[in-house]
Amino acid sequence: MAEKPITSPIEAPEHVPDLRRLRLLYGIIFLLLAAIVARLWYLQVVEGKELAEQCQNLQYKHIRRTAPRGLIEDRNGHILAANRLRYIISVFPDDVRKHPQTLSRLAELLNLSEPDLQSQLTKWVQQVSRYDPMPIDKDVDIKTLIRVEEESFDLPGVFITREPVRYYRDDGLCSSFLGITRPITSELYARWKSRGYHMNDQVGIFGLERTYEQVLRGQAGETDYETDARGRILGQGQEIAPIPGKTLRLALDFGLQKVAAQALADTGHRGAVVALDPNNGGVLAFVSWPSYDLNQYGKIYSKLLKDPAHPLINRASDSAFACGSTFKPITATAGLQSGVITPQTQFYCPGYLRLGARLFHCDEVHGTTDFYRAIGASCNVYFFHVGLLAGPEAIVAWAKRYGLGSRTGIDIPTETPGLLPSPEWKKKTGRGPWYPGDTLNLSIGQGYLRVSPLQLADYVAAIANGGTLWRPHFVDAMVDPITGKVQPVEPKARGQIGFSPATRQAIVQGMEMAVQPGGTAAGIAIPGLSIAGKTGTAQAYSQGKKEDNAFFICFAPVQHPRIAIAVMVEGGGYGAQAAAPIAQKMLRYYFFHRTQQVALAHR
């Protein structure tokens, strides 16, 4: 019997599968996998950093903490500029974008314009970041703060912080040199961003605040706050404490500053007072009057601009005036150094000097006058003769050595160089030729000459110390608030006058006679204190009216000078009547009342 054939349990397919369809399916699967891989690569590599930052921001808010600005104090530790805390309401742009109702409600609570807020927010995102908080309202009052806090649960992305802000404790007497801080401008931020500045920062815009910005600003810190998915604060995380800026210790004596400011205010006139340490150029007092409260600067700025007394003008260093007879020691230097006169040279003063058809007047008839009496009694006629003999070139050359016509280099940003006229200057500026009458005017500090009170103080300080022209400076030292390390600021000499000891001695002797019986400032003599001084009166015009500006320069004690003073009173009249008494009050305080206070403090 024949065997049956063995058959496979697997039946052959009726037809062969379409391989093209399989390849297409595999291709689609491959493309899908490639797309997934590409997307993962894009998310992790290309956008990984930003996405990680977004993820981190869902968990934490990184809040930058502004560093307290460094203190500014006087030589005795009296604080002139400190800090106070203020509350700030800020929003996180990225959270507000996700919850737009936040901005409208916040605008309603703070009584602000929503379109304006939206515009600010757009600009902030473009210039800074959508993850950095943008301040909406600074220096928030308690009522507003409570109102916002009560609705904080429904205001995702809103954050309330505290930060230090500048506060001035100078009684409104130091506005001319302390300066002020204001929010950083967009232009300045673009330049200083690389230095670590932020758009929320405050920066010094004039005065010491501007000059020592990098010293005072400190180093910002940071605090991390844990947040929920809606951007609401849950708790505090890590913290990096800010480092305060360094303290500026000034040469200034605030007690002396107050005495000078009060004495000037009592005259009822505008003016300026500068006192220097003649041994190193340290500024002991620096008054420009009228003054104003730096803490109210932003609120009263428009009013200050319209004030006819112009309190915003720094009369101590940014304004220049004809200085009258306080210039005569320079004319004297030119005469003595060139040899055209000696201390024994005499001239007759009939009360005037005739030059052609014009009379140049003196305040009185002095008769036959020698050099010492000419300075002490301030005889114009004597110095007319000296000026004509020495010539304008010699006078200008010595005035330059004394620092007139150029900036002193004081450590505040702005300062006028004044004006030192000369035959060359007059010709160059199209004012015509130099006449002998111009020489007479220059000889007694009149005419085109313009000098700042700071320059006057610096020049009389050079006479006091024997001929060194120091660069005036406010800051004596910088103190690290953490370590207490003191970094002294070395004084800098900017030149030597170059007069002979005999010339200096003759000028000082004449200035001493000014504060003795028969001298123009005899009324300010102080028993027990030797003073060398010089009065001055200069004609000026104010609002179309002719007036006399009063000047006085001095130093004391004569043998071992410790202070040099320049006083200017606009429209004050004679220097002996308006300016010299201010210096007397300062000298009394500095050598007697202040000394007693220091002695009591060390008991």
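Q: In this predicted model, a cavity is a set of grid points where a 1.4 Å probe fits but cannot get out, and lining residues have an atom within 4 Å of a point. How many residues line the largest cavity, and which lie nearest its centre?
A: The count comes to 1 cavity of 30 Å³ or more. The largest cavity holds about 220 Å³ of space. Its lining is made up of 18 residues, and those nearest the centre are Thr66, Ala67, Arg69, Gln202 and Arg217.

Q: Which element gives the largest share of the lining of the largest cavity?
A: By class, the lining residues divide into 5 nonpolar, 7 polar and 6 charged. The largest share, 4 residues, comes from strand S5 (residues 158-168).

Q: Which residue meets Arg69 in a salt bridge?
A: Arg69 is among the residues that lie nearest the centre of the largest cavity. In the model as a whole, the count of salt bridges comes to 13. In one of them, with an N to O distance of 2.6 Å, the side chain of Arg69 meets that of Glu213.

Q: How many residues apart in sequence are the parts that the pair of Glu213 and Arg69 ties together?
A: Side chains of opposite charge can pair when their charged atoms come close. Glu213 lies in helix H10 (residues 213-216), whereas Arg69 is in the loop between strand S1 (60-65) and strand S2 (72-73), so the parts tied together by this pair are separated in sequence by 144 residues.

Q: At what angle do the axes of helix H13 (residues 328-338) and helix H16 (residues 392-401) cross?
A: Two packed helices are described by the angle between their axes and the distance between the axes. For H13 and H16 the axes come within 9 Å, and the crossing angle is roughly 115°.

Q: Is the crossing of H13 and H16 left-handed or right-handed?
A: On the H13 side the contact is made by Ile330, Thr331, Thr333, Ala334 and Gln337, and on the H16 side by Ala394, Ile395, Trp398 and Ala399. These residues divide into 6 nonpolar, 3 polar and no charged. The crossing of the two helices is right-handed.

Q: What is omega for the cis peptide bond that joins Ala556 and Pro557?
A: Another cis peptide bond runs from Trp289 to Pro290, with omega near 10°, and Pro290 is found in the loop between strand S12 (283-289) and helix H12 (297-306). Pro557 lies in the loop between strand S22 (545-556) and strand S23 (563-569). For the bond from Ala556 to Pro557, omega is about -20°.

Q: Where is His310 placed?
A: His310 is not a glycine, yet its phi is positive, at about 50°. Its place is in the loop between H12 and H13.

Terms used:
Residues are numbered from 1 along each chain as its sequence is written. This is a predicted model: local features need pLDDT of at least 70, side-chain atom pairs count only at pLDDT 80 or more; totals for chains, interfaces and linings use all residues. Side-chain values use heavy atoms; hydrogens and water are left out. Axes are lines fitted to C-alpha atoms, for helices over the stretch in contact, and angles run from 0 to 180 degrees between N-to-C directions. A crossing is left-handed if the near helix is turned anticlockwise from the far one by less than a right angle, and right-handed if clockwise. Contact means heavy atoms within 4.5 Å. Ala, Val, Leu, Ile, Met, Phe, Trp, Tyr, Cys and Pro count as nonpolar, Asp, Glu, Lys and Arg as charged, and the others, Gly among them, as polar. On a 1 Å grid over the protein atoms alone, a cavity is a set of points where a 1.4 Å probe fits but cannot get out, and a pocket is an open set with protein on both sides within 12 Å along at least five of seven lines; lining residues have an atom within 4 Å of a point. Grid points are joined across faces, edges and corners, and a volume is the space filled by probe spheres set on the points. A salt bridge is a side-chain nitrogen of Lys or Arg within 4 Å of a carboxyl oxygen of Asp or Glu.
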